[in-house]
Amino acid sequence: SMTGGTLQPSITLSCVADQLKMSSGLLALPATIHYDRWHIPIACQRLALSTTILTDSEKLQDHCTEEGKLSLSLVITLNEVVEGALDTLSRLGQRGEEALEQVMAQLVRTDARIRGYAVDALVKVAPKSDQRAIKAALSRLEDSEYVIRLKALEAVAQLAERGDKAACSAVLEQLGNSDATVRQTATEALAQIGKVNDQDAVNAAAELLGRNEEYVRKAAVEVLASIATKSEAAAVAAVIEHFRSCDVDIRRTAVEALAGMQGNCSMATVD
């Protein structure tokens, strides 16, 4: 039968000791049941109990009826094949137009696992500073899956050249994320792609020192420590602007930011 475009043959198993130990995991099924009549490769098969896809590590007996029967649906999917292809591309590091096109096409798949594999593969097949690949990675910063957003930040850091304004701007926005891991990953990414004393990046980071959220200010301090120097008057000016804040916490953070910046500055500059 066809359901939503997916072939779903029905399978009913009985607890026959000579054929199948119900204490076995789902991986034992392909060796026991004859799928030849459907001509479906094992890599394309998923077993479902009602609407739940079962994992290979699950025990059959956990899902049997009192009579020792187990009714499952065989769900046909190409996800494993696609994941395998992306994994192979990543390991081989095969670069080229065709490989890049194939990987980028998988970034918009509905299956989150495939999108994750595609982000991993992107940094392996795309040349450094390839703008299409960078744009593709940046688009995943808004992915619905948390892990993929982290992977995308790491991919941007590996693909973008130092001073890439579009990349830096998008990553800077992630410093305001409520999740500590996202902020830390963004901070590390900026340390890799931020150009020292780039005025746009420094100003954007310095502006975050005025935010009410302490975690955002702390992230800004770390970024400024990696991309700003005290010898650059404009960078120092952007930070000490917050010395005038009426909020004592903001003033304290601004002092920390200035102290953390590389190099030295004269008292005249601070004044």
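**Salt bridges and confidence in a predicted protein model**

The protein exposes about 14400 Å², of which carbon and sulfur atoms supply 51%; accessible areas come from the Shrake-Rupley method with a 1.4 Å probe, and for residues only the protein chains shown count as cover. This is a predicted model, in which local features need pLDDT of at least 70 and side-chain atom pairs count only at pLDDT 80 or more, while totals for chains, interfaces and linings use all residues. Residues are numbered from 1 along each chain as its sequence is written, and side-chain values use heavy atoms, with hydrogens and water left out.

**Fold and burial**

- The protein has 13 helices and six strands, taken as DSSP runs (helices: H or I, at least four residues; strands: E, at least two) and numbered from the N terminus.
- Of its 271 residues, 42% count as buried (under 20% relative accessible area; exposed is over 50%, partly exposed in between; 1.4 Å probe, protein chains only).
- Among contacts (heavy atoms within 4.5 Å) between residues at least 6 apart in sequence, 69% join residues at least 24 apart.

**Confidence**

- The average pLDDT, the predictor's confidence in each residue from 0 to 100, is 77, and 69% of the residues score at least 70.
- Over residues 1-24 pLDDT stays under 50, and the model has 55 contacts beyond four places in sequence for this segment.
- Residues 30-35 also have pLDDT under 50, with twelve contacts beyond four places in sequence.

**Salt bridges**

- A search of the whole structure finds eleven salt bridges, each defined as a side-chain nitrogen of Lys or Arg within 4 Å of a carboxyl oxygen of Asp or Glu.
- R115 forms a salt bridge with D143, the closest N and O atoms being 2.8 Å apart. This pair links distant parts of the chain, 28 residues apart: R115 lies in helix α4 (residues 112-125), and D143 in the loop between α5 (131-139) and α6 (146-159).
- R115 is buried at 6% relative accessible area, and D143 is buried at 4%.
- R140 and D143 also meet through their side chains in a salt bridge (2.5 Å, N to O); R140 counts as buried at 15% relative accessibility.
- K218 pairs with E256 in a salt bridge whose closest N and O atoms are 3.0 Å apart. The two residues, 38 apart, link distant parts of the chain, with K218 in helix α10 (residues 214-227) and E256 in helix α12 (residues 248-260).
- K218 is partly exposed at 33% relative accessible area, as is E256 at 31%.
- Salt bridges that share partners join R115, R140 and D143 into one network.
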